[in-house]
Amino acid sequence: MARPALLPDNFTLCLVATVVVASVLPAAGDAAVVFKWLTTLAIALLFFLHGARLSRQAVVAGLLHWRLHLLVLASTFVLFPLLGLVLKPLLEPLVSPKFYLGVLYICVLPSTVQSSIAMVALARGNVSAAVCSASASTLLGIFVTPLLVGALVAPHGGASYGGLEAVGRIVLQLFVPFALGHLLQPWIGGWVRARAKTLKLVDQSSIVLVVYTAFSAAVIEGLWHQVSGAQLASLLLVCALLLATALATMTWASRRLGFGKEDEITIVFCGSKKSLASGVPMANVLFPAAAVGPIVLPVMLFHQMQLMVCAVLAQRYARRPDAPAVPTAAATPAR
């Protein structure tokens, strides 16, 4: 039987189930301490594997396309934060100040890697540029996201989140494992990529563990007494507004700047996505335990929405006709 088009992917369903379990059986006391340590180790393993997967050949090939990468990074770390700030008068009344912080956190996250590349490949875009652009976004996000959290999120939350101290924690917990994995890439990269499907379960299990720990702390602090069905609906509306604005802006900008269709596809998908895989672990490092649940909830909603919308767009791009072949001199009939 074919999978219903609107049914979320298995990973999203697993995250929903994790939230339900954390709501009914939250980790508390000594169990919370154990899960905190397990989460730290899982996050380190997650970024170690990210580093081991990153092919240096793909990086070198993609670096030459600097205009494309600058546009994607500008969307990720400039356009989105500006949208979050400019739209505050509209967004905050819709979702409440606490969840507005989660929306603003979406805006400062790096782009996602695996799903961006998968969507670009499905749409017949520039895959090598997508690999480089998405990977660069993740790497820069380790440094840029904590600074943006300190500059943009902290003033709205009344607490000292982010900043240089947070960069230090992120570097220690995320970048060091990432760098170690990449240093070992010549020896273990092939082994890791050959077991991509198996190790994907490690990635997803790490995120599930972080989500369970985060929502356990939030539930103990009374999360579900603070959020209503109307707020969840408003969060979905806000996520749709952010995503639609980013998709439309990147499509317009890529065409305005004269990029070809394959590059446009890469710009649209890499420039409009936000990473759940990076966002959840970073939130665990950047924010107090009780604040992580409300911060992560909007990220989870945006993640699922971007997957569903971009899958439809990728199929539309994929159905475009191939460019007509240009006749060569040898193929031109002699007069």
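**Entry 1: terms and ground rules**

I begin with a definition: a residue is called buried when its relative accessible area is under 20%, exposed when it is over 50%, and partly exposed in between, with a 1.4 Å probe and protein chains only. I note that this is a predicted model, in which local features need pLDDT of at least 70 and side-chain atom pairs count only at pLDDT 80 or more, while totals for chains, interfaces and linings use all residues. Residues are numbered from 1 along each chain as its sequence is written, and side-chain values use heavy atoms, with hydrogens and water left out.

**Entry 2: the whole chain**

I looked up the secondary structure and found 14 helices and zero strands in the protein chain, where helices (H or I, at least four residues) and strands (E, at least two) are DSSP runs numbered from the N terminus. Of the 335 residues in the protein chain, 50% are buried. I then turned to contacts, which means heavy atoms within 4.5 Å: among those between residues at least 6 apart in sequence, 87% join residues at least 24 apart. The accessible surface of the chain is about 15,600 Å², and 72% of that belongs to carbon and sulfur atoms; such areas come from the Shrake-Rupley method with a 1.4 Å probe, and for residues only the protein chains shown count as cover.

**Entry 3: salt bridges**

How many salt bridges does a search of the whole structure find? I count a salt bridge when a side-chain nitrogen of Lys or Arg is within 4 Å of a carboxyl oxygen of Asp or Glu, and the search finds three. As background, side chains of opposite charge can pair when their charged atoms come close.

I found Glu 264 in a salt bridge with Arg 255, at 3.1 Å from N to O, and in another with Lys 261, at 3.3 Å from N to O. Lys 261 and Glu 264 both lie in helix 12 (residues 261-272), three residues apart, about one turn of the helix. Glu 264 is buried, with a relative accessible area of 2%, whereas Lys 261 is partly exposed at 32%.

Arg 320 forms a salt bridge with Glu 262, and their closest N and O atoms are 3.4 Å apart. Arg 320 lies in the segment after helix 14 and Glu 262 in helix 12, so this pair ties together parts that are 58 residues apart in sequence. I checked the cover of both residues: Arg 320 counts as buried at 16% relative accessibility, and Glu 262 as partly exposed at 40%.

**Entry 4: two buried residues**

I placed Cys 270 in helix 12 and found it buried, at 0% relative accessibility. Not counting residues up to four places away in sequence, Cys 270 touches Val 72, Thr 76, Ser 111, Ser 116, Ala 130 and Ser 133. Cys 270 and Thr 76 are 194 residues apart in sequence, yet 8.4 Å apart in space from C-alpha to C-alpha.

Ser 137, in helix 7 (residues 127-157), is also buried, with a relative accessible area of 0%. Leaving aside neighbours within four places in sequence, I find Ser 137 in contact with Leu 73, Thr 76, Phe 77, Pro 110 and Ser 111.

**Entry 5: helix 13 against helix 14**

At what angle do helix 13 and helix 14 pack? Helix 13 (residues 276-286) and helix 14 (residues 289-318) pack at about 175 degrees, with their axes 10 Å apart. That makes the two helices roughly antiparallel. Axes are lines fitted to C-alpha atoms, for helices over the stretch in contact, and angles run from 0 to 180 degrees between N-to-C directions; angles under 35 degrees count as roughly parallel, over 145 as roughly antiparallel, 65 to 115 as roughly perpendicular and the rest as oblique.

**Entry 6: positive phi**

Ser 96, in helix 5 (residues 88-108), has a phi near 80 degrees and counts as buried at 17% relative accessibility. Arg 124, in the loop between helix 6 (114-122) and helix 7, has a phi of about 65 degrees and counts as partly exposed at 31%.
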